[in-house]
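Please look over the fold as a whole before turning to single residues.

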Amino acid sequence: MSHAGLVLLRQLADRTGLTAGLSSALPSPLGGHDRGRVFSDLACAIADGARVISDFRVMGDQRELLGPVASVPTAWRALREIAAGGDRRRRKITAAVNKARRHAWAHGIARHGGLPPVRVADRRLEGVTCIRLDATVVTAHSDKELAEPNFKGFGHHPIIAACDNVAEPLAWMLRPGSAGSNTAADHLRLLDEAVTALPPALRRTLMITCDGAGASHALVKELDRLASRHGYQVTYSVGWELAARERASIGQVPGHAWEAAIDGRGEVRERRSDGACADRRCAHRKCWIEEAHVTELTGLLREGPDGDQLKGWPKAMRVFARRERPHPGAQLSLFEAADGWRYSLWVTNLPAATRGWRGQCAYIDAAHRVHARVEDVIRTGKDTGLGHFPSLIFSPTILRSSDLWLCVVDSVVHGPSLGFPRGRPGSFCTVLSGRVVAGERIAAALCSPSARSSASRSWRFSASRTRMRTVAASRRRSSEAGVARCRSGTGGDDGACCCRVRSRPICSRRSSWA
């Protein structure tokens with residue numbers, strides 16, 4: 001049913017206290033619409049596929065189901081009022097979002113005893129809150145403010161901090177398209193906001209990761225300072241550049257010092273050799289070729305022939321290198337092309353005396369490589385509003401879109417994560433043709449016996465009535481010839497409906513409303 005998920009999203013924003021918190025943070029005019037309600041509804045509209053502010057009128061057409069909804073001009077006025085409040089108003093909105101998140105997480109923690117563990121290959125890292133920092137490029141197809149040329153085209157270059165335990169963004173920063181990937185000031189500010197967004201009880205034991213593009217001396221220094229605080233345990237894993245000193249150290253590593261790397265299942269990354277025997281389950285050394293290896297370079301860089309080459313860096317920092325066979329089409333440097341391996345480096349402050357699987361080079365490497373999971377959060381964000389900023393003007397809409405998008409993700413996208421099922425909360429959400437597709441947990445909730453009880457009959461009746469009203473309105477907007485073809489059943493060869501409004505089906509042929 002088109003836009004049916006809006007009711008669930010709106011109720012979730014109310015139940016988590018997000019709407020009430022926004023109402024307290026945003027002053028409302030006497031006799032006018034509650035600005036917190038307007039802001040929350042805008043977030044739901046963005047999650048439902050709204051790409052411009054005028055799309056907000058879709059919710060106004062559902063008055064019998066959603067109640068009074070502000071008009072598009074009122075939404076614009078609310079955004080201008082919020083933007084006029086400046087940074088002080090932004091901090092209030094962020095505080096309201098963080099409070100709603102803590103309320104939602106508290107229910108999941110109370111049910112399961114804590115946040116889900118961090119997945120590292122075939123292991124689980126319990127009792128650790130993982131924050132991952134990454135940047136992304138949002139393409140702009142028009143001349144929007146702050147949209148500038150970049151290495152991927154034209155658009156904006158925001159950075160995001162996400163909690164890997166629940167696959168949920170904690171903070172983000174909108175930046176011009178030409179902003180640098182490793183701007184230290186932006187990363188430090190984002191890191192501070194991300195830690196502040198966490199409940200106080202979850203800030204004691206942290207794991208913070210960043211790729212090589214965002215690495216900087218200032219970031220590593222700040223992470224080392226956080227790790228040195230009494231009563232806190234902060235482990236970081238940051239990408240590292242393959243420079244001349246690292247290349248010289250790699251050349252001095254003996255062959256037996258390279259340990260086999262593992263894949264996501266905890267198994268050695270290897271493949272069958274060309275001259276292998278017929279038994280694919282054999283253990284012959286010559287029949288298998290290891291495709292990736294890991295080693296530590298800290299000793300060679302600290303105590304090598306050239307002395308301590310890491311004088312300006314924290315003493316607790318350790319440098320690791322990984323080599324793997326390049327995939328077809330990979331671009332190698334001259335150093336890599338010489339021996340046929342592709343190298344990647346990273347640094348961490350994990351103590352060398354760490355016992356168990358966590359202290360093994362293979363799992364230290366696996367813990368850094370899973371940083372790529374932050375891309376799933378970015379993908380989900382782009383599917384639910386981050387990929388389409390709603391206005392040409394930086395203020396008020398783009399300036400406030402950071403708060404709007406966090407509201408979308410907190411109250412909408414990761415609402416199903418409250419259950420924390422099987423240790424991995426969050427379900428895939430996307431927007432297809434204006435419909436919110438929320439994933440398996442919302443579908444399971446709708447199909448549960450409680451949802452089919454008599455208490456939900458009024459909801460089903462209202463939804464059915466809204467569906468009929470939406471179909472009628474869509475048909476009125478369609479052309480008379482299109483409606484005639486639809487009613488006569490003269491669709492395409494595949495049986496699909498032939499009359500559309502804005503590329504959306506307006507009749508119920510071929511389960512269009514399923």
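What follows describes the predicted model from the whole chain down to side-chain contacts.

This is a predicted model, in which local features need pLDDT of at least 70, side-chain atom pairs count only at pLDDT 80 or more, and totals for chains, interfaces and linings use all residues. Residues are numbered from 1 along each chain as its sequence is written, and side-chain values use heavy atoms, with hydrogens and water left out.

The protein chain has 18 helices and 20 strands; these are DSSP runs numbered from the N terminus, helices being H or I of at least four residues and strands E of at least two. Of its 514 residues, 49% count as buried, where buried means under 20% relative accessible area, exposed over 50%, and partly exposed in between (1.4 Å probe, protein chains only). The accessible surface of the protein chain comes to about 24,800 Å², and 52% of that belongs to carbon and sulfur atoms; areas come from the Shrake-Rupley method with a 1.4 Å probe, and for residues only the protein chains shown count as cover. Among contacts (heavy atoms within 4.5 Å) between residues at least 6 apart in sequence, 65% join residues at least 24 apart.

In soluble globular proteins, nonpolar side chains tend to be buried together. Here the largest nonpolar core has 45 residues, and Ile131, Met317 and Val319 have the most contacts inside it. A nonpolar core is a set of buried Ala, Val, Leu, Ile, Met, Phe, Trp, Tyr and Cys residues joined through side-chain atoms within 4.5 Å. Helix H8 (residues 184–197) gives the largest share of this core, five residues. Apart from this core lies another, of 29 residues, among them Val38, Leu42, Met59 and Val97. A polar atom of the Thr16 side chain lies 3.3 Å from the backbone oxygen of Ala13. Leaving aside residues up to four places away in sequence, Thr16 touches Ala100, His103 and Ala104.

Thr136 is placed in the loop between strand S3 (129–135) and strand S4 (138–139). Thr136 counts as buried because its relative accessibility is 11%. The side chains of Thr136 and Lys382 are joined by a polar contact of 2.9 Å, that is, a pair of N or O atoms within 3.5 Å; within protein, one must be able to donate a hydrogen and the other to accept it, and residues adjacent in sequence count only if both atoms are side-chain atoms. Beyond four places away in sequence, the residues that Thr136 touches include His156, His157, Pro158 and Ile378.
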